[in-house]
Amino acid sequence: MGIGYRDLATLLREAIQRGDYTEGSTLPKQDEIAAEHGVNINTVRQAVRLLEAEGLVTPVRRRGTVVRPRVAMKRLGIDRYAKSKWKSGLVAFAADREATGRTWAPGDQTNEVRLTKADAETAEALGLKPGAPVYERARLVKEADVPTHTLTSYYRPEDVEGTSLVDPTPGPAGRGGGFAILTGRGLEPDTITETVRARMPTPEETQLLQLPAGEPVMVLHRTTFTHDGRPVEFARGVHAASRFTWSYTFKIPD
């Protein structure tokens, strides 16, 4: 009698965990798995769907069932925004990569920029009236061609017009990214408020981030202020939950 799909999923899971199938590699074709284990193709499909729901594998068109990265990337909490980093030319997502021992390239980030109207949340964060004009800079960040997260920032037009923050060219907005540009405009970032929550993705987010079935996302809201309390950026990020660990090191307040 052949094994069931849960037993088959266990065998495949253990093979992935042993390193028989490395991250980025593909599992054998489903008919090959069926023949090896003496099961029918429907059993294989059910087993693979279970591994997809666990975030271990994901189907990729024209490639097959690909093993997802097993080591999550560190998303540095406070340290990723250290002035020493962006003043020396290192942007936040690159700081995360370097902290995890991973490479990065400017082209890992794409940008879409437009002048739009502030919704209620953006207006409140930037101290504007709803409907006021703001620049929206939407980024999609990838690692080895696999999306890791999106980040969309909003700025007052007078703060960024004429700078590379309104340039859609792929990559960070120059050395040090947006914080360095704001500093050059006399608006040096000094204080950041971040809130993070988990939820299930929308269908559009699932497609954009190439998420497996059942994987949640981590949603980040960030407001950046100058030393005198003036808000200069409001940002929304959506992160694939399995791609990051969120790490914070800080002095405990009195």
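A: What follows describes the sheet and then a pair of helices in this predicted model.

Strands of a sheet pair through backbone hydrogen bonds, either parallel or antiparallel. Here six strands form an open sheet in the order 4-5-6-9-8-7, and the pairing is antiparallel. At the edges stand strand 4 (109-117) and strand 7 (191-199), each of which has a single partner strand, so one side of each is left without a neighbour in the sheet. If direction is ignored, neighbouring strands of this sheet are turned against each other by 15 degrees on average.

Within the sheet, strand 5 (residues 133-143) and strand 6 (residues 146-155) run antiparallel and are joined by nine bridges; Tyr135 stands opposite Tyr155 in strand 6. Helix 5 (residues 92-99) packs on the sheet, where it touches strand 4, strand 5 and strand 6, and the direction of helix 5 makes about 20 degrees with that of strand 5.

Turning to the helix pair, two packed helices are described by the angle between their axes and the distance between the axes. For helix 2 (residues 30-37) and helix 3 (residues 41-53), the angle is about 110 degrees and the axes are 9 Å apart, and the two helices are therefore roughly perpendicular to each other. Helix 2 passes helix 3 in a right-handed crossing. In this contact, Gln30, Asp31, Ile33 and Ala34 of helix 2 meet Ile41, Val44, Arg45 and Val48 of helix 3, and the residues involved divide into five nonpolar, one polar and two charged.

Notes:
Residues numbered from 1 in each chain as written. Predicted model: local features only at pLDDT ≥ 70, side-chain atom pairs only at ≥ 80, totals over all residues. Heavy atoms only, no water. Axes fitted to C-alpha atoms, helices over the stretch in contact; angles between N-to-C directions. Helix = DSSP H or I, 4+ residues; strand = E, 2+ residues; numbered from the N terminus. Parallel < 35°, antiparallel > 145°, perpendicular 65-115°, else oblique. Left-handed = near helix turned anticlockwise from the far one by under 90°. Contact = heavy atoms within 4.5 Å. Nonpolar A, V, L, I, M, F, W, Y, C, P; charged D, E, K, R; others polar. Pairing = 2+ DSSP bridges.
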